[in-house]
Amino acid sequence: MTKISYTKPSISELEISYVEDAIRNGWGENCYDYINKLEKAFCEYLGVNYAVATSSCTGALHLGMAALGISDGDEVILADTNWVATVSPVVHLGAKPVFVDICTDTWCIDPKKVELAITNKTKAIIAVHLYGNLSEMNELNAIGEKYGIPVIEDSAEAIGATYQGKLAGSIGKFGAFSFHGTKTMTTGEGGIFVTDDKLLYEKVLTLSNHGRDRAQPKQFWPDVIGYKYKMSNIQAAIGCAQLERVNDLVLRKREILDLYKSELANLPLTINPVQDGCLSGAWMPNIVLDSSIKYLKVEIMQQFKAREIDARVFFHPLSSLPMFDSVGNGIAYDIANRAINLPSYHDMGTSDVKLVAQVIRNVIEADAAREAELHG
Ligand SMILES: *Cc1c(COP(=O)(O)O)cnc(C)c1O
């Protein structure tokens with residue numbers, strides 16, 4: 001029995017050749033070559049004006065929010081269903097996270113709940129495109145405009161996803177992507193900040209480099225206390241190769257998601273929903289069991305474990321973590337109870353996808369047969 005991994009990067013000879021070049025030649029006056037190349041190519045790919053490569057998506061979010069001036073006493077609205085990386089910069093900046101519920105049909109932040117949560121302290125709304133699904137950006141941007149509040153896109157999980165023809169990450173005030181080893185495009189650890197706002201870009205650039213303004217003629221002269229969230233040239237070399245292959249990387253993710261959908265058709269469960277006019281980034285396939293069979297989650301997880309299939313649980317609501325106070329976001333709590341992340345990675349074979357789906361189907365069908373016998 002071979003183990004089926006949860007996620008795994010796709011590293012080709014191209015990545016290896018760029019890294020070899022970076023490690024041999026990318027020093028001294030060449031030490032920013034791949035970083036500059038990656039930032040330029042990412043702008044072209046996404047259709048935005050400015051990008052700053054960072055050491056992580058968490059860092060990119062932190063820089064962007066710091067540049068927006070978010071600080072003590074401010075409030076930032078975000079979905080309760082989320083990875084902790086989205087909220088930790090909010091807390092580090094001294095602001096208060098306001099967790100709102102998600103929509104059942106996107107698993108992303110509910111714009112109606114956002115509007116209800118706005119106060120005169122609200123300084124930003126963060127839209128996370130969960131698992132490659134898409135947040136309702138038109139509604140969120142309309143609310144943002146109405147109240148003069150920027151909408152941030154945490155696109156860590158959504159490279160390649162499109163919302164009405166626009167790539168995720170290019171629609172809000174700024175976007176942040178992750179190139180962590182589990183993500184569709186990777187540099188090992190890494191991320192990128194993107195925006196069309198020149199002023200915000202300049203602020204982020206300064207903050208990302210210990211507060212040193214690039215227009216400052218004095219050497220070793222920071223003008224403000226900043227951060228150190230830069231990407232290395234060697235990581236950027238991996239990123240340049242991955243970006244050349246990004247359409248292929250996203251395509252395979254979509255194929256795997258579609259295969260799960262067809263293999264699991266006609267079962268009482270939902271797989272990553274997507275609105276009309278959107279294309280999923282398909283980063284991570286998930287099943288959400290119908291409420292009538294939610295008790296089968298434990299058994300499916302046990303069967304996966306027995307077959308060395310590395311599946312994981314859905315994100316816990318952030319408000320359920322010990323650092324925060326629980327709030328009544330019923331959908332976020334309910335879906336987390338019924339959902340499982342399924343393995344997906346570029347080199348995952350079709351037979352492995354079918355095997356994972358078969359495990360799920362077997363558990364559900366065996367249960368249905370038992371029920372039929374009991375209730376005749
Ligand atoms: C992975 C992830 C992040 C953090 O990315 P890092 O590069 O690990 O900092 C942020 N937000 C979401 C939604 C993520 O999935």
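Mentor: Buried means under 20% relative accessible area, exposed over 50%, and partly exposed in between, with a 1.4 Å probe and protein chains only. This is a predicted model, where local features need pLDDT of at least 70, side-chain atom pairs count only at pLDDT 80 or more, and totals for chains, interfaces and linings use all residues. Residues are numbered from 1 along each chain as its sequence is written, and side-chain values use heavy atoms, without hydrogens and water.

Trainee: Is N266 buried or exposed, and why?

Mentor: The relative accessible area of N266 is 79%.

Trainee: Where is N266?

Mentor: N266 is in the loop between α9 (246-263) and β10 (269-271). These elements are DSSP runs: helices are H or I with at least four residues, strands E with at least two, numbered from the N terminus.

Trainee: What makes the phi of N266 worth a remark?

Mentor: Phi is about 65°, a positive value, and N266 is not a glycine. Most residues other than glycine have a negative phi.

Trainee: And what is the phi of A282?

Mentor: Phi of A282 is near 55°, again positive in a residue other than glycine. A282 lies in the loop between β11 (278-279) and β12 (286-289).

Trainee: How do you know whether A282 is buried or exposed?

Mentor: A282 has a relative accessible area of 0%. That is under 20%, so A282 is buried.

Trainee: Which distances do T58 and C57 show?

Mentor: An N or O atom in the T58 side chain is 2.5 Å from a ligand oxygen. For C57, a polar backbone atom is 2.9 Å from a ligand oxygen. Both are within 3.5 Å, so both pass.

Trainee: How much of the ligand does the protein bury?

Mentor: Taken alone, the ligand exposes 380 Å² (Shrake-Rupley, 1.4 Å probe). The protein buries 92% of that.

Trainee: Which elements give two or more residues to the shell around the ligand?

Mentor: They are α3 (57-67) and α4 (84-92).

Technical notes:
Polar contact = N/O pair within 3.5 Å; in protein donor to acceptor, adjacent residues only side chain to side chain.
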